Amino acid sequence: LAKQSTTTENRQQHSQHSVRDIAHQANIPTASKRDSMGICFIGKRNFGNFVSQYMPEPTTPGDFVDVDTNQVVGKHEGSMHYTIGQGAKISGAPVKYFVCGKGRGSDKDDDSYSNTVFVCNNTHHPALYTDELWVDFNSFNWIGLGGIGSDSTGLDHIPRPLVEGKSIKLLARTRHLQPLASCTVSWRRVNSDNSIQSISTNRGHLVVHFDNPMRAITPGQIVALYAGSNGLICLGGGPIKSKGTSFMDRGIDEISLSTLHPSGHNDLSLQNL
C-alpha cells in the first residue's frame, strides 16, 4: 500500500473527541488504561472453548489461506472464532496476518473451501476495504421519525426521500466508537424478477454507499444511521446482510491512506505511515 501520511484536512475531518480524549485532557489516571476486548464477563477462560458450547454444530478445523498467494499458511480450530478485520494470530507465520474473509472464495466452486479463513498480510490490505453494504429493509429498526403507520401508506417513520425513490445523504457507523462516516442511502425495492415493488410494500433492502473506503464491514454486525450535520439524530439501525465487492476484487492493488476512514476514535494506524 502507498505509505503516506494522513493529510491535516483528513485528520480534522475525523477529530471528534472521544471519552478517552476527554479523560486525557482532564488528567484522569485511567485515561490510558487498555480497553476490555471480547467477552470480558466470562473471566479467565479460553474464549474459543466457551463460545463452542453455544454453537449449533461442532466446530470444524480448517485452513488459513493467504488471499494473495492462495497458499495455506496455517490451521485453525473453527472459522466461527474469527471475525473480519481481526488479527489471525497464526503460529509460526513470518508476517502478521489479518482475517479478510471466511467460507468459500469468490473464485472457488467446490465445498473444500467452506471452512476456510482467508487472511491478508497488511492491516490496510485492499481485501479488507469496501464502500458499500446492504441491509434487509424489514430488518432495519427506524426510531428517529416518530411512530409507524399513522399515515395512509404506513411509511411515515421512513425518511421521505427514500419513500419517493430518492437517495439521501446521512452519516453511518458500523462499529463501536467509530467516527461517523458520510454516506448515501437508497431504498431498493425489487422483486425476484427485478421488477420494482409497489411503494407501500416494505420489502427490498437499504443500500448504504460510503464516501470513503471502510475497513472490515462484517455481515451480521450492526450499521446505525444518523441525520444532522453532527449526527445528532439517530434514525435507527439494523444487521448488515452483505457487503460490497472488496477493493482487491475490483483489481485495486493500492489504496491511498488519506482516503481511508478510521476504524475507531483511537485508530492511529492511518497516521504517519
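The questions and answers below concern the fold and cores of a predicted model.

User: How many helices and strands are in the protein chain?
Analyst: The protein chain has 273 residues, of which 40% are buried. Among contacts with a separation of 6 or more, 58% join residues 24 or more positions apart. The count for the chain is four helices and 12 strands.

User: Which strands are at the edges of the open sheet of eight strands?
Analyst: The sheet has antiparallel pairing and runs in the order β6-β11-β10-β7-β8-β9-β5-β12. An edge strand pairs on one side only. The edge strands are β6 (141-142) and β12 (242-243).

User: Which residue in β11 is the bridge partner of N141?
Analyst: Strand β11 covers residues 233-239. β6 pairs with β11 in the antiparallel sense, over two bridges. In β11, the partner of N141 is G237.

User: Which residues touch the most other members of the largest nonpolar core?
Analyst: This core holds 26 residues. Elements giving two or more residues to the core include β5 (129-136), β8 (181-188) and β9 (205-215), along with α4 (160-163). The members that touch the most others are V185, L206 and F210.

User: Which residues does F210 touch, not counting those up to four places away in sequence?
Analyst: F210 is a member of the largest nonpolar core. A contact here means heavy atoms within 4.5 Å. With residues up to four places away not counted, F210 touches D131, E132, L133, A172, T174, A181, S182, C183 and I217.

Note on methods:
Residues numbered from 1 in each chain as written. Predicted model: local features only at pLDDT ≥ 70, side-chain atom pairs only at ≥ 80, totals over all residues. Heavy atoms only, no water. Core = buried A, V, L, I, M, F, W, Y, C linked by side-chain atoms within 4.5 Å. Buried < 20%, exposed > 50% of the residue type's maximum accessible area, 1.4 Å probe, protein only. Pairing = 2+ DSSP bridges.
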